[in-house]
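My entries follow in the order I checked things.

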Amino acid sequence: MSLLLAIYAGAFALVSAAIAVTRPNAVHALLYLVVMLLALAVAFFALGAAFAAVLLILIYAGAIVVLFVFVVMTLPISPESITRERAGLRGAWPLPLLLSVLILAPFLFGEFGIAGNSAAAPVSAQEVGRLLFGPWALAIELASLLLLAGLIGVRHIGRSDRTPGSRP
């Protein structure tokens with residue numbers, strides 16, 4: 001039954017990802033990205049990787065998406081686009097809410113074997129920490145610098161004190 005739940009959650013992750021990349025509005029796309037990340041966490045949990053599911057929620061849904069929202073919110077927008085955004089947000093919440101409820105429905109209305117595969121050995125937080133700060137430390141630091149460079153670049157591009165004819 002855990003495999004069925006993983007397939008169910010994976011299907012919702014695919015649908016949410018497809019919707020996220022087709023949204024013209026960045027905030028709407030981020031909402032669907034959060035739904036996709038939650039669906040992937042459910043799939044990991046159903047397959048017995050509870051620690052990976054928690055890390056996915058904390059790191060990606062909790063930190064990376066918040067960084068994306070911060071970057072999107074730092075961009076200057078005109079009053080017309082604010083009005084258009086508010087009108088669009090009025091009807092934007094039902095589909096992500098429905099997808100989230102459908103992802104959680106198996107947990108609410110049925111019992112699944114959440115214990116996972118008994119042959120797999122659990123991974124402790126110490127082992128993950130040793131890997132992240134051992135052989136993968138340079139890759140993680142480079143990824144954080146890349147995110148910081150992207151944030152600074154977006155802030156520089158979106159500055160409102162530039163005149164239309166001036167050079168950056």
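Predicted model: local features only at pLDDT ≥ 70, side-chain atom pairs only at ≥ 80, totals over all residues.

I searched the whole structure for aromatic pairs and got one. The pair is Y8 with F12: the ring centres are 5.1 Å apart and the planes stand at 70 degrees, so I logged the pair as edge-to-face. Both residues sit in helix 1 (residues 2-22), and because they are four residues apart, about one helical turn separates them.

Next I went to helix 2, which covers residues 26-46 and has 21 residues. From first C-alpha to last, helix 2 reaches 30 Å, close to the 30 Å expected at 1.5 Å a residue. Just after helix 2 I noted G48, with a positive phi of about 95 degrees.

How do helix 2 and helix 3 pack, by angle and by distance between axes? I found an angle of about 175 degrees and axes 8 Å apart, helix 3 being residues 50-74. That angle makes the two helices roughly antiparallel. On the helix 2 side, the contact residues include L30, L37, F44 and F45. On the helix 3 side, I noted L56, Y60, F68 and M73 among them. I sorted the residues of this contact by type and got 23 nonpolar, no polar and no charged.

Technical notes: Residues numbered from 1 in each chain as written. Heavy atoms only, no water. Expected span 1.5 Å × (residues − 1). Phe/Tyr/Trp six-rings, centres within 6.5 Å; stacked < 30°, edge-to-face > 60°. Axes fitted to C-alpha atoms, helices over the stretch in contact; angles between N-to-C directions. Parallel < 35°, antiparallel > 145°, perpendicular 65-115°, else oblique. Contact = heavy atoms within 4.5 Å. Nonpolar A, V, L, I, M, F, W, Y, C, P; charged D, E, K, R; others polar.
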